[in-house]
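Thank you all for making time for this.

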Amino acid sequence: MSTTTTRAGAFSDQELARIRADFPILARTVRDGHPLVYLDSGATSQKPYAVLDAERDWYTQVNAAPHRGAHALSEEGTEAYEAARATIAAFVGAGPQEIVFTKNATESLNLAAYAFSNASTGGGGGGGDRFRLGPGDEVVVTEMEHHANLIPWQELCRRTGATLRWLGVTDEGRLDLSNLDSVITERTRVVSVVHASNVLGTINPVATIVARARSVGALVVLDACQSVPHLAVDVADLGVDLLAFSGHKMLGPMGVGVLWGRPEVLDAMPVFLTGGSMIETVTMERATYAPVPQKFEAGVPNAAQAVGLAAACDYLTELGMDRVAAHEHALTELLLAGLRERPWTRLVGPDDLLDRGGAVSFVVDEVHAHDVGQILDDQGVAVRVGHHCAWPLHRRMRAMATTRVSVAAYTTPADIAAFFTALDRVPTVFGIGG
Amino acid sequence: MDLYQQLIIDHSKRPHRMGLRDPFDAEVHHVNPTCGDEITLRVDVDGDVVRDLSYDSLGCSISVASASMLAELLTGEDVGHARTVYAAIRHMLTSKGGDPGDEDVIGDAVALSGVARYPARVKCALLSWMALADAMAQSGIDLTEETHV
Ligand SMILES: Cc1ncc(COP(=O)(O)O)c(C=O)c1O
């Protein structure tokens with residue numbers, strides 16, 4: 001596939017056909033022969049052959065424990081693993097030594113939260129008073145966080161005596177910044193927010209939050225799980241201190257995630273998981289630690305998955321992230337328009353395309369999301385139903401559960417049409433609308 | 001689709017014996033954490049008889065209909081019968097479709113037999129029954145005891 005240098009637009013039918021041929025699973029059928037219509041990429045994306053081949057090549061050609069031993073395979077394995085790190089780092093505009101491999105974004109966010117926790121109880125490997133928390137200190141999140149970016153901070157506050165505060169969400173599903181200055185204050189030590197909401201689709205105004213956090217000396221953590229797979233993300237532009245994402249949501253394998261950090265921030269963070277290959281010297285009494293990123297990568301790493309994720313980054317780069325974003329933008333427009341035409345649905349999230357990603361959640365009057373999902377599933381349409389690991393947000397939006405459609409580079413306008421055709425059975429089955 | 005038989009739609013739209021009533025011996029609150037379905041259920045047991053079963057149910061059609069059927073099947077029945085029905089429902093719902101349910105024992109709840117083929121939904125149908133077993137246990141009655149039909 002060649003990238004265009006002209007203005008980015010949605011993928012053409014021919015381009016989509018070529019892309020879809022790279023994803024074998026998209027050709028299968030489900031539930032008595034219905035072609036699969038996969039609209040759950042927000043939960044996990046499908047994987048192209050390029051990623052599967054990269055993982056297989058790792059195991060058939062170079063498999064060895066990286067950074068351990070000195071035989072030929074171990075050398076090549078280390079090289080491949082570190083090359084993957086460089087590719088993934090470049091994908092988000094970072095230097096290779098600025099990214100730490102984890103198992104997923106959840107672990108990345110816990111690594112960040114535990115830096116504060118461990119600093120507060122005298123943990124080693126860091127330098128920083130910046131990370132020490134106690135009563136009187138505050139941690140700020142938002143009401144639209146995925147549980148993965150809420151519970152680690154709740155637990156951190158419980159352990160250290162710090163106080164958890166949060167920015168609210170408007171009825172429309174945007175971050176409520178009206179009290180930004182009274183929520184983020186001189187007491188705030190860290191602000192952790194989601195970049196693109198996995199429920200609302202909302203893309204948050206990172207610059208505004210960073211500016212306020214900087215003015216009070218707080219660190220900023222960004223949960224970029226739903227942005228890195230869908231739009232061009234550059235860590236330098238964002239101006240945050242730490243950023244987390246998962247490989248499996250961006251065409252990569254399950255089992256690998258990333259924590260990016262500013263070098264001086266990562267340096268100052270105490271170690272989290274400890275053990276083999278994250279050390280410098282060890283005696284029976286104590287240890288000193290390797291430089292970043294090794295000090296955060298205890299144990300034999302998920303090297304095959306890292307190599308697979310690098311292949312996913314190459315694949316997305318080849319497609320062009322501006323094209324991917326434009327394509328998903330067009331699909332989101334179809335989804336919003338289709339829901340607007342169906343007055344028995346209520347969108348949960350912004351009804352415009354400004355600063356909006358391709359997660360579109362809604363409720364159907366009088367019909368529970370589980371029942372909506374079941375009708376869709378019966379026709380081969382895979383969506384997510386429930387609270388999508390954002391229970392407080394659902395409570396805020398007065399929805400017990402929602403149905404979420406989410407798109408990716410391989411999603412077609414025909415998928416969206418099939419979704420609406422299936423959705424239109426809901427009023428008939430449940431006797432609503434009119 | 002055959003999962004949503006008319007009986008399920010009817011029970012979920014107009015749940016029988018819905019609402020929380022006094023007096024009661026035990027009250028329990030159960031949730032299905034994957035989807036947020038909730039039920040608060042009260043039992044009023046008089047010796048060997050389930051005098052009243054009242055509940056407040058919030059959730060999908062399967063979970064609400066199942067609670068409605070439960071209340072209809074067991075209110076005023078004796079504990080021995082409750083054990084039989086409880087065992088029959090559990091067996092049907094966990095049979096992966098192998099057990100179509102016996103209408104003479106479980107009445108309208110045979111309409112729930114289709115749920116057994118959808119593992120993700122079995123929990124919705126079982127929610128009220130798990131709450132019932134819990135509430136009965138708190139009233140000193142073990143619903144899971146072996147029954148000899
Ligand atoms: C916004 C957001 N944050 C965090 C996560 C957690 O990602 P993972 O389960 O891969 O750790 C998700 C995944 O659903 C998400 O959508």
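This is a predicted model: local features need pLDDT of at least 70, side-chain atom pairs count only at pLDDT 80 or more; totals for chains, interfaces and linings use all residues.

Which atom of the ligand is 2.5 Å from an N or O atom in the side chain of Asp223(A)? The answer is a nitrogen atom of the ligand, and such a pair is a polar contact, meaning two N or O atoms within 3.5 Å, where, within protein, one must be able to donate a hydrogen and the other to accept it, and residues adjacent in sequence count only if both atoms are side-chain atoms. Residues are numbered from 1 along each chain as its sequence is written, chains are lettered from A and ligands numbered from 1 in the order in which they are written, and side-chain values use heavy atoms, with hydrogens and water left out.

Staying with the ligand, a polar side-chain atom of Thr106(A) lies 2.5 Å from an oxygen atom of the ligand, and an N or O atom in the side chain of Gln226(A) is 2.7 Å from a ligand oxygen atom. On its own the ligand has 400 Å² of accessible area, and the protein covers 90% of that; accessible areas come from the Shrake-Rupley method with a 1.4 Å probe, and for residues only the protein chains shown count as cover. There are 13 residues around the ligand, and those that come nearest are Thr106(A), Asp223(A), Ser246(A), His248(A) and Lys249(A), where near means that a heavy atom of the residue lies within 4 Å. The shell divides into 4 nonpolar, 7 polar and 2 charged residues, with Ala, Val, Leu, Ile, Met, Phe, Trp, Tyr, Cys and Pro counted as nonpolar, Asp, Glu, Lys and Arg as charged, and the others, Gly among them, as polar.

Let me step back to chain A as a whole.

Two loop residues of chain A can be set side by side. Pro135(A), in the loop between α4 (105-120) and β5 (138-142), is exposed, with a relative accessible area of 70%. Leaving aside neighbours within four places in sequence, Pro135(A) is in contact (heavy atoms within 4.5 Å) with Thr160(A), Gly161(A) and Ala162(A). Thr185(A), in the loop between α6 (180-183) and β7 (188-194), is buried instead, at 12%, and its contacts beyond four places in sequence are Glu138(A), Arg165(A), Arg212(A) and Val216(A).

What about chain B? Chain B has 5 helices and 3 strands, and from the N terminus on its elements run α-β-β-β-α-α-α-α. Its radius of gyration of 14 Å is close to the 15 Å that the globule rule gives for 149 residues, so chain B is as compact as a globular protein of that length.

Finally, where do the two chains touch in the residues I have picked? Arg121(B), in helix α5 (residues 119-138) of chain B, counts as buried at 4% relative accessibility, and its side chain makes a polar contact of 3.2 Å with the side chain of Tyr4(B). Its contacts beyond four places in sequence include His370(A), Asp371(A) and Gln374(A) from chain A, as well as Cys60(B), Ile62(B) and Val115(B). Just after α12(A), Gly380(A) takes a positive phi of about 85°.

Methods: Helices (H or I, at least four residues) and strands (E, at least two) are DSSP runs, numbered from the N terminus. Buried means under 20% relative accessible area, exposed over 50%, partly exposed in between (1.4 Å probe, protein chains only). The radius of gyration is taken over C-alpha atoms; the globule rule is 2.2 Å times the number of residues to the power 0.38.
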